[in-house]
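Take a look first, then we'll walk through some charged pairs and a pocket.

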Amino acid sequence: MGAGTGERRGRGVATARLLGAALLTGGVVLCGGGAYAAPSPSPSGHATGHDDGRGGRGDGHGDRHGDDRTASPSATSPAAKPAAGPGGSPAGKPAGVTGSGAPATARKPGPPPAGLVLQPADGAAVGIPTVAGLRQALAAALQDKSLGTVTFAVADATSGQILYGAGENTPATPASTTKLATSLAALTLIPGDTRIATRVVAGASPADITLVGGGDPTLTALPADQVQIDGAPADADSAPASLEALAARTAAALRAAGTATVRLGYDVSLYTGSPQHADYDALNIPLMTPLMVDEAKADPRSREEAPARVADPAGQAAETFAALLKAHGITVEGKAKQTAAAAPAGAAVLAEVTSPTVARLVERLLTTSDNTLAEAIARQVALAAHKPAGFDGAATAVTDTLAGLGVRSAGLVLHDGSGLHAGNTIPPAVLVQLLGLASSPDHPELRPVLTGLPVAGFTGTLGKRFGAGSGAAEAAGLVRAKTGTRSGVNTLAGTVVDADGRLLSFAVMTRTTAPADTARAAMDRIVARLAACGCH
């Protein structure tokens, strides 16, 4: 590498580091009972303007088995509440967390910012990669037969201009790159410092209490020192809410009221429609209910990419809570029962715990390609948009929110928030437009979409890719991208710093009979070629 190239690479690394900005913390609380969030072409490619989840078992699911990895407020008030710490705090007593405290009103998507409506670039601007340069750099990598049918788009992340592509407007199966759409919509409608609350409220008599599911699938029954995210201990900002802490606070409130024996009900009225995904297998995703612990894993300590799930997530969570209450000296009569109706709006809150902020949850679902968390966040989008909180309502809310941002609707079809659904389609040009919006200085609230992307060779579903011998190792650390895998489908969409230090966005989508590992390595080599050149 020449000296000039080395200098350009240094600038590129500096640019990449700028994208690791700290996220917002603090804030608004979401709760159950109806509350909602506040605030196939030639692989050689062509110049644009012409319309043309990891391996796992390879049985057609998304990334959780497909990627290389996966004063007390009213219980139903939609108003914003002061945020508690990551593990929650007694009602009305935030644990030192600050936030806006503004009322929880859904943001109205504005028009797309200037310069971000994607248009073909003529390459005339100084420093911008040209069609000829990109064609030359990518030609050999695009000829790899393991790619099968490949469509792609490369854009300047700063301006949003598409620079080069093939079939970039052709709808393709996105698999888990669907999570980019879900995440962008969530951060558009929901303030990043919002937290999701799980609450216990008083019932009709002193002996009746109700556990209200607020839609936080990361709620954990594990001790804090056993909680891991992406194979590492959770830090203070990402640590999930603790069911044990909720039980301890509930028991303290009951004892203070002179109550030692209770009947436990649980409220799952927040979600609507069938809880079962169209591609349900009790592994990649559980039944989606607003109350579950440890994402309804049968073994909450499991590190498997697609762990077995419990048959009744809400019932299992309630029984676990009952056992924890007993450990704190409260007798629970009989079995916990699902309530016939939502907890009353005026029910007194005995205790609550809150999730990490939505910004952190978005980062987590993107880094680990977490299907369950993605579907839960999609339902929060639906609630913020006043849509039914089910698969259909969430998909509609995400699609409508993106349309309000000026995202192209042609070819964009969503049926879920995770990408497990085989009927989802997104063109490569739309994926790079989503990344352009997340990169825009006009949308700082969307930055967690970028900071949540796995880093090539280091984190999440890219942790074992771009390694030595892959032909793409030189791009390790310079690529951040969301992965997607279904049977015969592999996708990769993200950002890369080129040799001139310019941030490019890209989306590569393939359909092939080649083994998933082979196809993914071929995609990685395409992106590595972008990192290695200025492409003028």
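Let's start with Glu 375 and Arg 379, which form a salt bridge whose closest N and O atoms are 3.5 Å apart. Keep in mind that this is a predicted model. The structure holds 14 salt bridges, and a few of them are picked out below.

- Helix H8 covers residues 371-384, and both Glu 375 and Arg 379 sit in it.
- The two are four residues apart, which is about one turn of the helix.
- Buried or exposed? Glu 375 is buried, and Arg 379 is buried too.

**A pair that reaches across the sequence**

- Arg 502 and Asp 156 make a salt bridge as well, with 3.1 Å between the closest N and O atoms.
- Arg 502 is in the loop between strand E13 (489-497) and strand E14 (503-511), while Asp 156 belongs to strand E2 (residues 149-156), so this pair ties together parts 346 residues apart in sequence.
- Asp 156 has a relative accessible area of 2%, and it counts as buried because that is under 20%.
- Arg 502 comes in at 22% relative accessible area, which makes it partly exposed.

**A charged network**

- Arg 360 and Asp 235 meet through their side chains in a salt bridge, at 3.9 Å from N to O.
- Arg 360 is part of helix H7 and Asp 235 is in the loop between E7 and helix H5 (243-256), so the bridge ties together parts that are 125 residues apart in sequence.
- Both partners are partly exposed: Arg 360 has 21% relative accessibility, and Asp 235 has a relative accessible area of 39%.
- Which residues does the network of salt bridges link? They are Asp 235, Asp 237, Arg 360 and Glu 363.

**The second largest pocket**

- This pocket holds about 410 Å³ of space.
- Its lining is made of 21 residues, and the closest to the pocket centre are Ile 229, Ser 238, Glu 363, Arg 364 and Thr 367.
- Strand E7 (232-233) and helix H7 (358-368) each supply at least two residues of the lining.
- Which element gives the most to the lining? That's H7, with six residues.
- By type, the lining residues split into nine nonpolar, six polar and six charged.

Methods: Residues numbered from 1 in each chain as written. Predicted model: local features only at pLDDT ≥ 70, side-chain atom pairs only at ≥ 80, totals over all residues. Heavy atoms only, no water. 1 Å grid on protein atoms, 1.4 Å probe; cavity = no way out; pocket = protein on both sides within 12 Å on 5 of 7 lines; lining within 4 Å. Points joined across faces, edges and corners; volume = space filled by probe spheres on them. Nonpolar A, V, L, I, M, F, W, Y, C, P; charged D, E, K, R; others polar. Salt bridge = Lys/Arg side-chain N within 4 Å of Asp/Glu carboxyl O. Buried < 20%, exposed > 50% of the residue type's maximum accessible area, 1.4 Å probe, protein only.
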